[in-house]
Structure formats: structure tokens, C-alpha cells
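Take a look at the sequence and the model below. This report goes through its charged residues and its aromatic rings.

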Amino acid sequence: MTAVTVPGPRLRATRSIADMPRWATLQRELLAYQDKAWRLFADRYTEGDGRLVFRDTLGVGPDGRDGVDDFYEPFFNWPTLYVLGGSPDLLAAARRHWSGVSAQLTEMGMLQGGLERGYDWFHQGEGLLLFYGLCLADPGDSQLRELARRFADFYLPGGPNYDPEHRVVRAPHNGSAGPRPGFSDEEPYFPWSLALHPYGLPLDAMDDVTSFDQLAADPERARSYGRAMWDRMGRGDTIVNLAATGLATNAFLLSGEQRYADWVAEYVGAWRERLDGHDVVPDNAGLSGRVGEYLGGRWYGAHYGWSWPHGLSPVGSATLVGASNAALLTGDAAYLDLARNPLDAVLRQGEQRGADGRGTLGERWDPHLRAMDADRTLMVPQRHNDSGWFDFTVMPGQLPLSLWHFSREPQDQERIERLRAGANWDWTTVHNQRIKDEAGHEEPWYEFLQGRNPGFPERMLRSALDSCAERVEAIENDPVNPAIGPGILDIHHWQDLNPVVTEALLQLTTGSPQVLYNGGLAHMHLRYYDAVGQRPGLPADVAALVSDIRPDHTVVELVNLGGTARSLVVQAGSFAEHVVHTAQVDDGPVQDVGGPYCRVELSGGTQVRLTLTMTLRGGRPTCDAPVWEVSR
């Protein structure tokens, strides 16, 4: 006879329930439905070794460095679903697809040593989410651990991409082949794609070029403009390179090697110093480390920086990824000022504007603005160039919400409340919309956490079920030939049909926002393990609802919908980094914990409310699972 013991106190549910909460049954329905949906996707779009059905070729032409991320993105949240309680064989499936796609991309010359040869980190961060998710889901996999170290070493001192003397990543395009100057392996040229038309011109002070169309119609002028771009934007450091700290942070979490944490602190620290003396964090540094070295002294104008193409989205995401990685590994919350600055900079320029004044990255807000009773709502500028701030739209809610979720500090909540006060659309409404990052419902979730949106859990779960069903229907009716797959111009096809939806489950079961899409790690407030199955995720029949995420008052309801007893471990933090001080079962006595774990026993048909107090990031973070001790 064997018995498994796990860390932490053992807590027991004693409250039987006759009528199961509707949110709990919907949550289990969502998990069950997605178990069928991902199999349908895999059968329709992948081959036996996991690669995508694709008979075209990447890596050629003026945009020949693009596309790696698009092959990994269809599976980006599959390991997350497994970590939340998805089917046991989902982990093997996600691993197979990552391996198959990696082989496929290597054959096309896009990867070297398993990592992208060299591209911008706005896109590399997207493509690496699948790898990061696998590492979190299966940290004991020796191959993943070795690859995590090897990938990170491309950026540490001694690697090809980083200059430790000047603390710069040497080019906007970088990877396993080292810095790749410019933006393609072809001759300099702009525009290399007409899809860039909405974002306008990348460069200021080019008096002989006044419009995108002018370049598109004149190849020689396009080559001249391209050479200027290569010279001004195609070398030196850019702020989106902060997302590369995800590689080193992931390597530390898997290996515990301090050198990875030291590099993250050093590189993020360099960008903090570049902020000193500026109202707005600069987006560029030359190879000497000097801001504006190739841009006429401008603090703006880098590739995927403040001016072009997206502005706040890549800048805000990269600073938040870098700052949270540094704060996680060092315990120094002052790094988060680097992430606060872009949000505050654009908020100072905010204006009340109508829906017809929405800018280039605002399609996710169309449902909100259409339903708005007022004529105007608060919008902030996304971009800055020689003419000043421009391109106004609603602030992406994921940025301020993710920052507050990580810090839990009043100043970050005050920023959210200011945005709420200026918004004239209903923050409690759940719009049934999904785009590829599978985010966009932060505001109604925040309102729920503040006690102002009690119906949110059911509405959010129904929305997720509807979105999953819509994608299943689209897969079943897809006109693309399954034996050939989409062509090179339609490689977003798969990610548009990915039926796995995790935002609702992350918010409700873990008390956490969706992962930042451009290279973020999963920062979950709580996570779970099946204590009997000794695997990540909620056990069968168990549902969870986190309704309060204050460190001194975290509240989670756990329900066992089935008739079989279930046992689970509640872990504080994705990486067991939070320290739980006390736990209370319903209104019972407070019990000491003194670590990141509690074990909860749920008899069939029972429910329990846990109230936890904790210190955020009070322990050493690691991807390692709890130590399961077996006695006989």
C-alpha cells in the first residue's frame, strides 16, 4: 500500500451542496468541450509528426524573415490548458506539435539550433509562448531544460547577440544566427509588404518622401528609402529586445543558475538608466549605448518602437515583460517603474474622442464603442514622431491590468480607476469576441474582482464556450484543402481557427489575466495540481473560482461536482514564488501554512471557500513541481 504526501497543511471540505453552482458546471463543460475541439483541429491541420499541413515555402523574398511565429501560434495556449486541467494527453500533443513544427521550420531554413535565426522580438515573443508553456507544464523534461539554457545563452555575455560593455543587444533582428542587420536578406527596400500601408511611413525628416503610396509606386525611391531605414533603424538596440529576457528567465526557472538572473537584471537595468532624465522611456540605443545614436538624437523612431508601426502595444508589452522578469528574479519591485512609464506617458496625453477617431490598432474595441451610449470616451495616443503624439485609441486593458496583477500596488490600481472613470462604455459587459492573443476581457474581470460585476463568471464562461463552438464550426466548414493547407499569404489561417480558449479559465480558476502575447511568462496568482494523478491542473470534476486576489485576503471557492473524492494541491504563484502565511476553511479557524502549498480534500458533492494570506514573491521562484513523497 502506497500513500502520497505533499507539502503544506491538509484542509478538508465539509460543506455538502445539493445544487451545484452554475459557474462550476459551465467551467467543467468548457474543459470537456475543448478536449474535443483541440483534437478536431489537430486531425484537420497537422500531420503525423505534429507539423502543420503546408506545401508552400517560407524564407524567400523581401519579407523572408517573417513567419516562424505564425507556425507556433496555433498551439500557443495548449500547454496552458493542460496546466489548468485539460486532458492528460494534451501535453503530449502540444509537445508533438512543437517538435513537428520546429523540424518543419528547420527544413525551411528558418531555425538554427532549434531557435529562430534572427527576427524582431515583437514576433519572436509570440512564437516562443508555446515553448514557455511546455517548460511550465513539464519542467522535468531534460530536453526542454537543455534547450532553455542553450536558447538563453545566445543572449548572455559571450553569446553573439549581446555586448556586455555597452549593455546592448546588437540589432533589432537577432537570434541563434546572431545579429542580422537590416530587415531582410534581400536588398534594402520599403515597403516590403502592402499590408503595412495603415501604419504609414517609418522615418521622419525624409522630405522627398511624403506618402506610403509614393514609395509603393516607385521601386527606385523605395530602395533608397529602404537603405535609409537600414541605416537608422536596422542596427543597434531597440526596446522590444527586452522580451528576450523571457529566454533567460525561463532558463533560470528551470535550472536555478544565477547567471541568467544576473543578465536579466543587467539588461533591464540598462533600459532603466536610459529612462533617467527622460519623460518617456526611449525606444532605441546605438551600439555605443547612446540613445538616438542613429536617429539624430531622437528618443523615438526604433523598429517596433514609439513611431512605427504600433507604438504603445510593443513598447508597453516589452517593458512589462522585461520589468516583471527582473522583479521576479531579483525581488526588486523598483524595476516595475520601467513598465509604468509608457502607460503614464500616453495617459497624460489622453483625450475624450469619438469612435470615428479610433486609430490603427483598435479593432478589438469596436464592439465596446458600438454599444456606447455616449459620443466620446477616453483614448490615448499609441505613437509619437516629429509631429508629436498621434494614433489615438482605447488603452489596451491588458497592459495596466497585468501590471497591477503583478504588483498589487495602489498606484497601479489607481491608474486603472482613472481609465475606468474616463471610459464611457460599460466595463461589466462581456463581449463575445476573440482575436489571436485570446485576451480583451480584462475590464469586466476587474469589475468582478472589485465586487461590481457578480454575474461575470457565468457570462465569461458562456462567451468562451460560444467562441470555442464558433471555431469548431469554422473548422468543420473550412474550404481550404486539408491535403495542401493554406498558402504563404494565409499563414494566419491556423491561429484564426485555434479552438483552445484559456482567458476565462485563467481569470476564474487562477485569478490571473491572459499571458502577454509578445513574450510574457504565465504569472498566475494560484495554480493547482491533482494530488493523486501527480500532474498539473484541477482534478476531474473539480472547479475553482478566485474572487479576491488581495495578498492579505485571497479567496477561492473549490467545488467537487462528482461523486468521487478528489485531492488537490493549491500552489501560490506560477513558480511557487508566493508565501502563504495562513489558510482558513469557510468560517473555521485560521491555520498556519508557511510556504507556497496547501492540500485540499474534497469529498464528492462538496464545496469549500479558502481564504489565504500571503506575501507576493516571498520565495525563490522555480518551475519545479511539488515534491511528491511516497511512503509504504
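What follows covers salt bridges, a charged patch and ring pairs in turn.

## The model

This is a predicted model. Residue numbers start from 1 along the chain.

## Salt bridges

The structure holds 46 salt bridges. One of them joins Arg 22 to Glu 29. Their closest N and O atoms are 3.5 Å apart. Arg 22 has a relative accessible area of 34%, so Arg 22 counts as partly exposed. Glu 29 is partly exposed too, at 37%.

Salt bridges link Asp 337, Arg 340, Asp 344, Glu 409, Asp 412 and Arg 415.

## Glu 257 and its partners

Glu 257 forms a salt bridge with Arg 149, with 3.9 Å between the closest N and O atoms. Glu 257 lies in the loop between α9 (245–255) and α10 (258–275), while Arg 149 belongs to helix α6 (residues 142–153), so this pair ties together parts that are 108 residues apart in sequence.

Glu 257 also forms a salt bridge with Arg 259. Here the closest N and O atoms are 2.8 Å apart. Arg 149 is partly exposed at 23%. Arg 259 is partly exposed at 38%.

## A negative patch

Which residues gather in a patch of negative charge on the surface? They are Asp 466, Glu 470, Glu 473 and Glu 476. Asp 466 has its place in helix α17, which spans residues 456–476. Its relative accessibility is 40%, so Asp 466 counts as partly exposed. Residues need over 30% relative accessible area to join a patch, and Asp 466 has 40%.

## Aromatic rings

The count of aromatic pairs comes to 33. In one of them, the ring centres of Trp 299 and Tyr 300 lie 5.0 Å apart. Why is this pair edge-to-face? The planes of the two rings stand at 85 degrees, and planes over 60 degrees apart count as edge-to-face. Trp 299 and Tyr 300 are both buried.

Ring pairs also build a cluster. Its members are Phe 183, Phe 190, Trp 192, Phe 212, Tyr 225, Trp 230 and Trp 308.

Technical notes:
Predicted model: local features only at pLDDT ≥ 70, side-chain atom pairs only at ≥ 80, totals over all residues. Heavy atoms only, no water. Patch = residues over 30% accessible without salt bridge, like charges linked within 9 Å, V, L, I, M, F, W, Y side chains within 5 Å. Areas by Shrake-Rupley, 256 points an atom, 1.4 Å probe, with all protein chains shown as cover. Salt bridge = Lys/Arg side-chain N within 4 Å of Asp/Glu carboxyl O. Lys, Arg positive; Asp, Glu negative; His and termini not counted. Charge placed at Lys NZ, Arg CZ, Asp CG, Glu CD. Helix = DSSP H or I, 4+ residues; strand = E, 2+ residues; numbered from the N terminus. Buried < 20%, exposed > 50% of the residue type's maximum accessible area, 1.4 Å probe, protein only. Phe/Tyr/Trp six-rings, centres within 6.5 Å; stacked < 30°, edge-to-face > 60°.
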